[in-house]
Each structure stands twice: as C-alpha cells, then as structure tokens.
Amino acid sequence: MVRGSRRYYCAAEGCFSDTDKRGRYGYMSEVSFFPFPTKKKAPRARKRWLEYTRRENYDPPYHHRLCSKHFLDGKPTEKNPYPTLFSYNNYKESKVPRSSNVMQKRTREQETSVHVDIPEQKHDKIADTTISIQMEGPKAVEVPMDHGYCMSNEKGYEQTTSHEVNTQTDLSMTDIDDLLDMKERLADKDNLLRDLFIEKITKSDESVMKYMGVPTKQALNGFFGILDKASPNLKYWSGQKSARDTSYQNTPGMKKSGPQRKLSRYQEFILTLLRLRMALCTFLIADIFGISNSRVSQVCITWINFMYGIVLPLLRWPSSKAVKKFMPRCFKLTYPDTICIIDCTEIFISKPKNPTAQSQTYSNYKHHNTYKALVGITPSGAFSFVSKLWGGNTSDRYITKECGFLDQVRPGDQIMADRGFMIRDLLLGRNN
C-alpha cells in the first residue's frame with residue numbers, strides 16, 4: 001500500500017496508474033498499489049507475479065507496484081493471490097477456476113502408486129484367486145477374481161507377477177496455467193485475431209512506423225499515455241446532439257450507459273492511427289477488430305476529434321531565433337532567412353451526394369473529390385502551421401489569404417513555396 005508521500009507507479013505494460021493521479025482524477029480515487037513479494041519471504045509468489053506481468057529481464061524497483069485493476073478481488077486474496085487482469089488478455093478473468101483443481105489432482109497422482117501382485121497359475125488350473133493391490137496410501141485393497149484363465153496364456157508361459165502404475169509429467173503449474181489460458185484465447189476467434197494483429201503491428205519500431213506513421217514504439221506508447229491522461233472518460237460521437245451531453249465526461253467514476261465497449265482505449269487508438277495511415281476500408285478493419293462497420297466510423301470520428309483538441313495547442317509558430325538555431329547547413333548557406341516552407345495537400349474523399357458539394361470538392365488537379373489544407377514546416381522539418389480543410393476546388397492563393405497564415409508572417413521573413421503559389425504580392429504587402 002502507499003506509505004507517506006512516496007510516488008508509486010504501476011509496473012503493468014499499458015497501465016499508466018500512479019499515486020499522483022489520485023487527487024486529480026476521480027477514477028483513481030479507489031485504486032490501490034501493492035508491492036511485489038520479496039525474494040526472501042515469498043520467492044515463489046514473486047516468480048508468479050513476474051510471470052503474469054510478462055516483462056522480460058525485469059527486476060521491479062521499490063517504487064514499482066501493481067495496482068488493484070489487475071486483481072480479480074481488487075487486491076491479493078487467499079482465493080486469488082496473483083494478478084491476472086492485463087492488457088494482453090483484455091482484462092478478462094479466467095472462466096475456469098483451475099489452480100486449486102489442478103493442484104489437487106496432481107497431488108493425488110503423485111501420492112498414489114499402485115502395485116498389482118498376481119500369483120503364478122498354470123494353464124490347466126482354473127480356480128478362484130485374489131489380486132492384492134497395495135497402494136502407498138492408508139490400506140491395501142483385495143479384489144477377488146472369478147476366473148483363472150486370465151492368469152496364463154495358451155502355452156502356459158508364466159506371467160509377469162508385478163506391475164507399477166504411475167502418472168508423471170514434466171509440466172509445471174505455470175505451464176499448465178499458460179496452456180489453459182491459450183485454450184481460452186483460441187476459443188474466442190475475434191479476440192485472438194485482434195490481439196495477434198495488434199501484437200504484430202506494434203512489435204518493433206519498424207512495424208509501428210510502417211503501419212501507423214509513428215517513429216518508434218516508445219513514442220507510440222508515450223502519445224497514448226498523454227491522450228489517456230487527458231480524458232479518462234471518452235464518449236463516442238453520435239451526432240451534434242451527443243456533443244452537448246457532457247455528464248459522462250464530467251462526472252468522475254460514472255459508468256458509460258449502454259452496452260459495454262468491445263475494444264479497449266488502446267485498441268481504439270491503434271485502430272484510428274491504422275486507418276489514418278493506411279486508408280483501409282471500414283469493412284476490412286471491422287473484420288480484423290471484430291466489430292461492426294458503423295462502430296469503426298464512430299471510433300475514428302471520436303478519436304480524430306479528441307486528438308485534434310489535444311494536439312492543436314502544441315502546434316505553435318516558432319520565433320525566427322528558434323528557426324535559425326535548428327536550421328540545416330544547406331539552408332544557412334543558400335536561404336538563411338527562410339522561416340517556413342508551405343504547400344497545399346489534398347485528401348481523397350467519397351463523392352458527395354449533393355451536387356453543390358460535388359462541385360466544391362472536385363479537384364481539377366487530382367481529378368477526384370478532395371479536401372485541401374495549407375501546411376507549413378520549418379527548414380528543419382517540424383510542422384509550424386496547418387490550416388482548416390477547404391474544398392478541393394478552392395485555389396491555393398485563396399486558402400493562403402483566408403486561412404490566417406499571413407497573420408503569422410513578420411517583416412523580413414522569407415517564405416518558400418511552389419511556383420504555382422501566386423502570393424508574392426500578398427507577402428510584399430506584409431513587409432510594408
């Protein structure tokens with residue numbers, strides 16, 4: 001449990017609970033933190049805790065704990081002493097209470113050894129006999145035999161007079177638990193496909209960059225940590241009316257109305273980045289994640305608007321001093337006063353049903369219906385300006401003039417743009 005003012009963190013992968021969040025977030029008020037069993041007092045329990053945590057070569061420091069979210073009873077109890085709820089099993093408890101039953105069965109098998117003594121018999125002698133079964137238990141059992149022909153074969157050869165029956169296995173209890181967990185996972189094909197797919201695309205920095213456009217796995221987890229901390233309660237977008245009802249978000253500890261969500265927040269986050277990066281069809285994503293097409297659209301719209309609100313304040317126009325400090329050498333030699341490089345980018349969209357919207361979004365350059373935005377970066381490659389979306393039929397000059405970009409330009413700044421940007425007169429007017 002928490003002692004004094006020391007700060008503790010949850011060591012489970014994907015869990016961002018820590019003691020400092022208690023006073024700031026209502027959902028953390030009832031979360032407790034429990035230390036790992038020590039090596040001296042409880043080495044076997046410590047080993048089981050670390051096996052369930054699934055962190056390679058991990059030796060937890062003193063300030064690392066496991067929070068109550070990972071225990072079936074909210075804390076270690078005699079019935080459920082181990083943490084079993086984690087992101088790799090979607091925080092689901094085991095459907096089979098297997099630990100006690102398997103232990104009892106294995107104990108009985110190890111303690112019981114059966115010896116069968118069979119007296120020698122001749123083929124021509126048929127008589128009532130008795131088999132004495134001696135067990136390494138409390139007493140022996142005598143079983144009467146009604147026939148003697150089972151004691152020898154046709155040629156009268158002597159039979160084996162002693163048999164020993166034992167049941168042995170090289171599997172440990174941890175191995176048996178893992179096999180039963182695997183059996184449960186294989187039974188749920190939707191969850192299995194979803195878990196394996198997410199594990200595949202997040203296994204390395206190269207995979208994360210390829211599928212989601214994030215440079216490293218650490219950056220991906222850090223970005224999700226910021227979003228998860230910003231809004232513990234996230235409500236699905238279901239129209240403009242749903243945005244006015246904020247009771248669920250503003251009430252700490254309040255549970256979401258309606259059916260339980262099938263995806264975790266992290267899975268929804270991965271789904272959104274995957275759709276933005278790869279532009280996959282909704283029916284394909286729905287099949288991979290085991291949800292409906294409409295739910296895919298709801299998740300994407302919700303998370304895109306949510307990320308927009310969180311990331312927008314981070315996009316700031318840098319000072320000339322900051323730009324020149326990180327300017328590459330090639331720019332310092334040829335374009336030392338360049339502050340920003342701008343261009344318009346277009347995003348393909350489905351053809352609108354409304355004829356007016358069709359004409360406003362049709363791009364003669366792309367020969368498709370698109371949205372267009374003005375994007376500006378510094379010479380070092382950092383984003384410094386992103387405009388709102390305009391119809392694909394809007395000219396680059398009009399967007400540059402009306403989007404607010406010119407308000408950021410100061411006298412003496414040089415802007416680099418494509419030849420198709422007819423904005424020289426607009427920039428010269430800013431220098432006067």
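Is Phe 269 buried or exposed? With a relative accessible area of 0%, Phe 269 is buried. Keep in mind that this is a predicted model.

Phe 269 pairs with another aromatic ring, Phe 224, with 5.4 Å from centre to centre and 40° between the planes, a tilted arrangement. The two come from distant parts of the chain: Phe 224 sits in helix α6 and Phe 269 in helix α9, 45 residues apart. Phe 224 has 5% relative accessibility, so it counts as buried too.

Now for Trp 303 and Phe 306. Their ring centres are 5.6 Å apart and their planes meet at 80°, so this pair is edge-to-face. Both residues belong to helix α11, where three residues, about one turn of the helix, separate them.

Across the whole structure, the search turns up 18 aromatic pairs.

Take Leu 271 as an example: leaving out residues up to four places away in sequence, it touches Leu 263, Ile 285, Phe 289, Ile 291, Val 296, Val 299 and Cys 300.

## A hairpin and some positive phi angles

Strands β10 (368–377) and β11 (383–386) pair in the antiparallel sense over three bridges. Gly 376 stands opposite Phe 385 in β11. Five residues lie between the two strands of this hairpin, and Gly 381 in the turn has a positive phi of about 100°.

In the loop between β9 and β10 you'll find His 367. Its phi is near 55°, a positive value in a residue other than glycine, and at 59% relative accessibility His 367 counts as exposed. Arg 54, in the loop between α1 and β3, also has a positive phi, near 60°. Arg 54 is partly exposed, at 43% relative accessible area.

## Arginines over rings

Two arginines are worth a look. Arg 48 lies over the face of Tyr 82, 4.4 Å from the ring centre. The charged end of Arg 65 sits over the ring of Tyr 62, at 4.6 Å from its centre.

Definitions and conventions: Residues numbered from 1 in each chain as written. Predicted model: local features only at pLDDT ≥ 70, side-chain atom pairs only at ≥ 80, totals over all residues. Heavy atoms only, no water. Contact = heavy atoms within 4.5 Å. Helix = DSSP H or I, 4+ residues; strand = E, 2+ residues; numbered from the N terminus. Buried < 20%, exposed > 50% of the residue type's maximum accessible area, 1.4 Å probe, protein only. Pairing = 2+ DSSP bridges. Phe/Tyr/Trp six-rings, centres within 6.5 Å; stacked < 30°, edge-to-face > 60°. Lys NZ or Arg CZ within 6 Å of the ring centre and 35° of its normal.
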